[in-house]
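Hi everyone, thanks for coming. Let me put today's structure up on the screen, and then we can walk through one part of it together.

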Amino acid sequence: MLSPRVKKYFWDIDASKAKPKSHSKYYISRILELGNEDAFNWLKSVYGVEKIRRSIPLMRLSKKSENYWKLYFNSHE
């Protein structure tokens with residue numbers, strides 16, 4: 001089940017059947033690409049900062065998003 005604060009980012013799935021723990025790459029990439037601060041806070045609560053940080057090289061993010069998140073995590077070490 002998805003939090004109401006992130007449902008809008010997952011318009012293409014049935015939110016009542018969502019399994020964030022089983023499909024981390026999908027949820028992390030969607031929030032890193034489209035999410036706002038509240039959605040990112042949800043992401044951190046589900047996966048933790050370290051898992052998100054380690055996932056960035058594996059994501060298919062836009063160059064702009066990829067650069068942003070690399071800078072973000074480097075400045076928050």
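Let's begin with a question: at the start of α2, which residue has a side-chain oxygen that reaches to the backbone nitrogen of Asp 38? That residue is Asn 36, whose oxygen comes within 3.1 Å of the nitrogen.

A word on what you are seeing: this is a predicted model, in which local features need pLDDT of at least 70 and side-chain atom pairs count only at pLDDT 80 or more, while totals for chains, interfaces and linings use all residues. Residues are numbered from 1 along each chain as its sequence is written, and side-chain values use heavy atoms, leaving out hydrogens and water.

Helices here are DSSP runs of H or I, at least four residues, numbered from the N terminus. Helix α2 covers residues 37-47, and its buried residues are Ala 39, Phe 40, Trp 42, Leu 43, Val 46 and Tyr 47. Buried means under 20% relative accessible area and exposed over 50%, with a 1.4 Å probe and protein chains only. Looking down the axis of α2, these buried residues fall within an arc of 155°, taken from the directions from the axis to the C-beta atoms, so they line one face of the helix. Glu 37 and Ser 45, on the other side of α2, are exposed.

What covers that buried face? The cover includes α1 (24-34), α3 (49-55) and α4 (63-75).

Finally, after α2 comes Gly 48, with a positive phi near 85°.

Note on methods:
Helices (H or I, at least four residues) and strands (E, at least two) are DSSP runs, numbered from the N terminus. Contact means heavy atoms within 4.5 Å. A polar contact is a pair of N or O atoms within 3.5 Å; within protein, one must be able to donate a hydrogen and the other to accept it, and residues adjacent in sequence count only if both atoms are side-chain atoms.
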